[in-house]
Each structure stands twice: as C-alpha cells, then as structure tokens.
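Okay, thanks for coming, everyone. Let me put the model up on the screen and then walk you through a few parts of it.

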Amino acid sequence: MAGSYISKTAFIKFEQCEKSFFLYKNHYYLRDKPDVDKQLTFKRGHDIGFLARELFPGGIDVSENNSKENAIALTLKFIEEKAPVIYEATFVYNGVLVMVDILVLGKDGYEAYEVKSSIKISETYIKDACLQFYVLSNCLKNFRDFYLVTVNSEYVLKDELDIKQFFKRRSILKDALKNIQYMQERINHAKLVDERQSIPNIEIGPHCFSPYQCDFFNTCWKGKITENSIFNLGKVNKEELFNWYHNGVYEITEINNEKNLSLPLQQQILAWKQKKPIINKEIIQHYFSKLKTPYAAFDLEVWGAAVPTINGTKPFQKIPFLFTLKSNDYKDDVFMEFNTDDRKNFALALIEKTKNYNSLLVYDKSLESSVINELALLIPELKEQLINITKKFFDISEIIQKQYYFHHLFNGNFSLKAVSKVVLEENVFQSEQISTGLEAMNAYVTYKLEKNEIERQIIKDNLINYCLADTLATFLLAEKLMQLSKVE
Ligand code: SF4
C-alpha cells in the first residue's frame, strides 16, 4: 500500500494515467512484479544516490530505520537545529510527501539536490524536481534552489574517483517557478481522483508505454493481446495501432485498408492472414552468396559501470570481457576469453581467435562494431587488425529486419531470442541462468568481487553459456535461413 500521502512516484504515475495513480494508491497489490532488469536499475540508482552524498559529506540520514512520520518530525528538528546537511529530508505539503536526496544549508539558505543515476535529464526528472520544489518552497522560508544531479558523461577516470567531476548539476529553478501553478492544479486534481470510490475508467492507449511501461500493464491488458491481436504486429507506431483499436479493429484479420500501409506492414498482415512465413528466397540467396568461408558465428559481452573503475574510461563505457565463436570448420570450435581489465590482452585474443575466419556471423553488429572500434582507438598498434575484424562481420539481422524472411509468430519481436525460437523451432536459450545483457553485466561484477573459487566458476560458466547461446543461435539461424532459401 502506497500510504495516504501523494508521493513523487504516485504523482509521476498520475501524470501518466489517472488509473495507474489510483491503482498505485489503492490497489498496490495489482502491480506487475518488477523484472530483474528493473531491479538492477533500481539498485544502480540507490548506489549512485549513496555515492552522491560524498558531495556533501557528514549529513544526517533521517530515513534510516524510521517511519515516514518520524522522518518528517526529525527533518523539522534538524532544520530548527540548523543541521548543515540532511539526507532524505522529508516534507509534506498539501498532501504531497517528498524525500529530498540531499538538503544543504548554505550561507543564503537551503539548496536541494536530487540525484539521478543517468547521464541525461528527462522530462520526467524535471517534473519530479518541480514537484519537490513546490513542496520545499512551501515548507522552507529560506529555500533558494533545486538541482538535478546526474552522471557526467565526459568524466574520465584518472587513478582516484573525483566525485566533484564525476557528477554534474543543473538548477531547475526556472522550470520550477514556471510550473508552480501547474503543480498546484495537478495535485488538487490528483487528490480528487484519489478520493474516488471506484477505479477511473481509462482505456488502454499509447500512454501505457510513456514515459515508462505502466506497472499495471498486466492488469489492464489482460486478454487484450490475443493470438491474432493487432498488438502482435511489429514496426508500426503506437498511434496507428490505437487508431485501429479505438475504431473497433482488434484482430489483424480485420484490417482491410492494407494498400495505404507501408510495404513491410502489408507483408506482415499477409503473413498473418495466410498463417505462413514470407520468404524472399532470391534476396536471401544473394545475401548469403557474399558469405565467405570459413565462417563462424561471433558474440561478445560487455560491462559498463556507472562509476568507472578502469583508468582512462568514462561512466557507462562498454568494456568487453568475453567473446565466443561457433563454427563447423574446427573440431574445437568454441573459444573463450575471460580477461578482466586488460583490454590489450582481450584485443590480442580477438585477433588471434578470429584470424582463420573470413566471415563472422553476427545478429545486429552495432554493439560488436562500436566496442571493437573503441579498442582500435585505444590500441593504435592493433588498429588495422581490429578494424579488419569488423570488416568480416556478416549481419544476418538485416534479413529479419528488412523482412526478407518474416514469420507471423515473431509477434512483433525481432530479437535473436524471439526469432531463433520460431525459425529453429527450438529454444537454445532455455537452460540459461542469465537472460539479459544487464543481468550479464551484473553477474560479471559479482564475479569480480566473489572470493569463493567455486562460486566464481559457477558465475563464469553461466556467463560463458549465456554468450555461447547467442553465438549458437546466430549460427543455427544463418544455416536455417540458407537452407530455407534453397528449398523449392
Ligand atoms: S496500463 Fe495503461 S490504462 Fe492501465 S493503468 Fe496503466 S497506463 Fe493506465
């Protein structure tokens, strides 16, 4: 249960959808369980928030082991005592409760700091800050300014972390002053919605996804995505989908103005109506005619910590730590490198292990290319050999993205996992312990910190298997597409 106050989170939900806000306040138990990626992002936010306290060290955390009511009372007490720095300073005004990450008493009054673990300031962050400003300016007589603190993407680590350079701050005073009236009106409206006796009757729409996918998605969308639902189409914008939906077109088979639609969409609808895949054999054959033998499938894994730990790297910079290859040409056809912070060693291994292949199959080369190009910049003496690796990339995702092969059971999802499952009629990922890139990054960090050798080996195996599953799926998918393009 979210409590009787309107929190920042509740207000942001209100801005997205009144129903979401109402459910959050009154039927919290209906919330979707956060997935692992969401939990990891939340943890990162918490860690960065904690680190930012070092900008203003020695403060008092009023939230520690305290109820909200106690935190409010303690904040008041420390303000009366003129405490220079308060963490999680808690205020209530007009039914809205805010907990300010860092409140600082300067010479001319109070300044507040809201810490975000990202490098960009989104509209939602500004709204969140404006709400806090509204409350603080009504609670504190000498409140001067409100800052959003974000990670400085230009920061480069040199030996020790320089906390002042790592973070950057931006005042939102102008936005906040402009929005005082707006906040007042929206809060009053939110309070009216909260007092309702019934759930607001709001239809699903593009707002379910913006700015974030709603936490009550599974409640509202239950039964909406049926086997033939228009929501199973890919490469179509949400406005178009909801245009159909609100005009009573729920199933793909009910769409009848195909001629006005884009060609890829027409193809998808045709595949759905015929319930069989669309395959442009000529183009696929031509595509694979450029594949040079011997070839192998290739995949690499990266980690990118918000706080850099390697000299010369920036926040969130992608550092490769593992790659795998899969081919049919060599008996021992799986190669792994598991270097930690030594990118030159990693680059040398990459060059050595790929040198015998003339093509490297990948599914979406963007990450691989950018990481290897970065290595080439970092290690000029290996530049040519590294760039050569990227020239061997043979990106089979183009066949799927351009719909030279399309299967209606992709259900609008063109990822390697979704596509390979349908085309290969098996799930090569099903026994993996790690299922997303973010999970892999987190597992790698755990691996580096883990002291127990057995535990380390388990994490290492899981990471290698995760990377291998991608490589294997890419390899099998390429072979299957080649085979399908030849069948008469
Ligand atoms: S899923 Fe959509 S309609 Fe339902 S509460 Fe969330 S935003 Fe509102």
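Quick housekeeping. This is a predicted model, so bear in mind that local features need pLDDT of at least 70, side-chain atom pairs count only at pLDDT 80 or more, and totals for chains, interfaces and linings use all residues. Residues are numbered from 1 along each chain as its sequence is written.

Let's start with the ligand. There are 13 residues around it, and Cys 17, Ser 20, Cys 208, Cys 214 and Cys 220 come nearest; near here means a C-beta atom, placed from the backbone, within 6 Å of the molecule. Helix H2 (18–26) and helix H9 (217–220) each give two or more residues to that shell. Helices are DSSP runs of H or I with at least four residues, strands are E runs of at least two, and both are numbered from the N terminus. H2 has the largest share, three residues. By class, the shell has nine nonpolar, three polar and one charged. Nonpolar is Ala, Val, Leu, Ile, Met, Phe, Trp, Tyr, Cys and Pro, charged is Asp, Glu, Lys and Arg, and the others, Gly among them, are polar.

Now the sheets. One is open, with six strands in the order S1-S2-S3-S4-S5-S6 and mixed pairing; strands pair if DSSP finds at least two bridges between them. Strand S1 (60–61) and strand S6 (167–171) are the edges, pairing on one side only.

S8 (295–303) and S9 run antiparallel, joined by seven bridges, and Phe 298 is opposite Leu 325 in S9.

Last, the helix pair. How do H12 and H19 cross? H12 passes H19 in a left-handed crossing, meaning the near helix is turned anticlockwise from the far one by less than a right angle; clockwise would be right-handed. On the H12 side, Lys 281, Ile 284, Gln 285 and Phe 288 meet Leu 481, Met 482 and Ser 485 in H19, contact being C-beta atoms, placed from the backbone, within 7 Å. That contact has four nonpolar, two polar and one charged residues.

How values were computed. Contact = placed C-beta atoms within 7 Å.
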